[in-house]
Amino acid sequence: MSSVSSDIDAVTAGCCGDCGQFVLRRTPLFDEDAKMTREICIRCLVFAYQRRQFKTGCCG
């Protein structure tokens, strides 16, 4: 499970910790499985929420 760090707003420009693309704004996301915080783009943040919502898959 992952959670967005609420104590930190957006981080400055840099490479997304998930897809690796250079973006102007990244959001810190704490990955509870990996026990680390990654700074990811909004696109990957949406996918992270989707993966959390459908953890068993789209048919499960």
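Reader: With which residue does D18 form a salt bridge, and how far apart are the closest N and O atoms?

Author: Side chains of opposite charge can pair when their charged atoms come close. A salt bridge here is a side-chain nitrogen of Lys or Arg within 4 Å of a carboxyl oxygen of Asp or Glu. D18 forms such a bridge with R51, the closest N and O atoms being 3.6 Å apart. D18 lies in the loop between strand 2 and strand 3 and R51 in helix 1, so the pair ties together parts that are 33 residues apart in sequence. Helices (H or I, at least four residues) and strands (E, at least two) are DSSP runs, numbered from the N terminus.

Author: Before we go on, note that this is a predicted model, in which local features need pLDDT of at least 70 and side-chain atom pairs count only at pLDDT 80 or more, while totals for chains, interfaces and linings use all residues. Residues are numbered from 1 along each chain as its sequence is written, and side-chain values use heavy atoms, with hydrogens and water left out.

Reader: How many salt bridges does the structure hold, and which residues do they join into one network?

Author: The structure holds three salt bridges. In one of them the side chains of R38 and D18 meet at 3.5 Å, N to O, and this pair links distant parts of the chain, since R38 is in strand 5 (residues 36-40) and D18 in the loop between strand 2 (14-15) and strand 3 (22-23), 20 residues apart. Another is formed by E39 with R26, whose closest N and O atoms are 3.1 Å apart. E39 lies in strand 5 and R26 in the loop between strand 3 and strand 4 (27-31), so that pair ties together parts that are 13 residues apart in sequence. Salt bridges that share partners join D18, R38 and R51 into one network.

Reader: Is R26 buried or exposed, and which backbone oxygen lies 3.2 Å from a polar atom of its side chain?

Author: Buried means under 20% relative accessible area, exposed over 50%, and partly exposed in between (1.4 Å probe, protein chains only). R26 counts as buried because its relative accessibility is 10%, whereas E39 is partly exposed at 31%. The backbone oxygen of T12 lies 3.2 Å from a polar atom of the R26 side chain.

Author: The other bridges can be read in the same terms. R38 counts as buried at 15% relative accessibility, while D18 is partly exposed with a relative accessible area of 35% and R51 is partly exposed with 47%.

Reader: Which residues make up the largest nonpolar core?

Author: A nonpolar core is a set of buried Ala, Val, Leu, Ile, Met, Phe, Trp, Tyr and Cys residues joined through side-chain atoms within 4.5 Å. The largest one has eight residues in all, namely C16, V23, L29, I40, C41, C44, L45 and A48. Helix 1 gives the most to this core, with three residues. Leaving aside its neighbours within four places in sequence, C16 is in contact (heavy atoms within 4.5 Å) with Q21, R26, E39, I40, C41 and C44.

Methods
A polar contact is a pair of N or O atoms within 3.5 Å; within protein, one must be able to donate a hydrogen and the other to accept it, and residues adjacent in sequence count only if both atoms are side-chain atoms.
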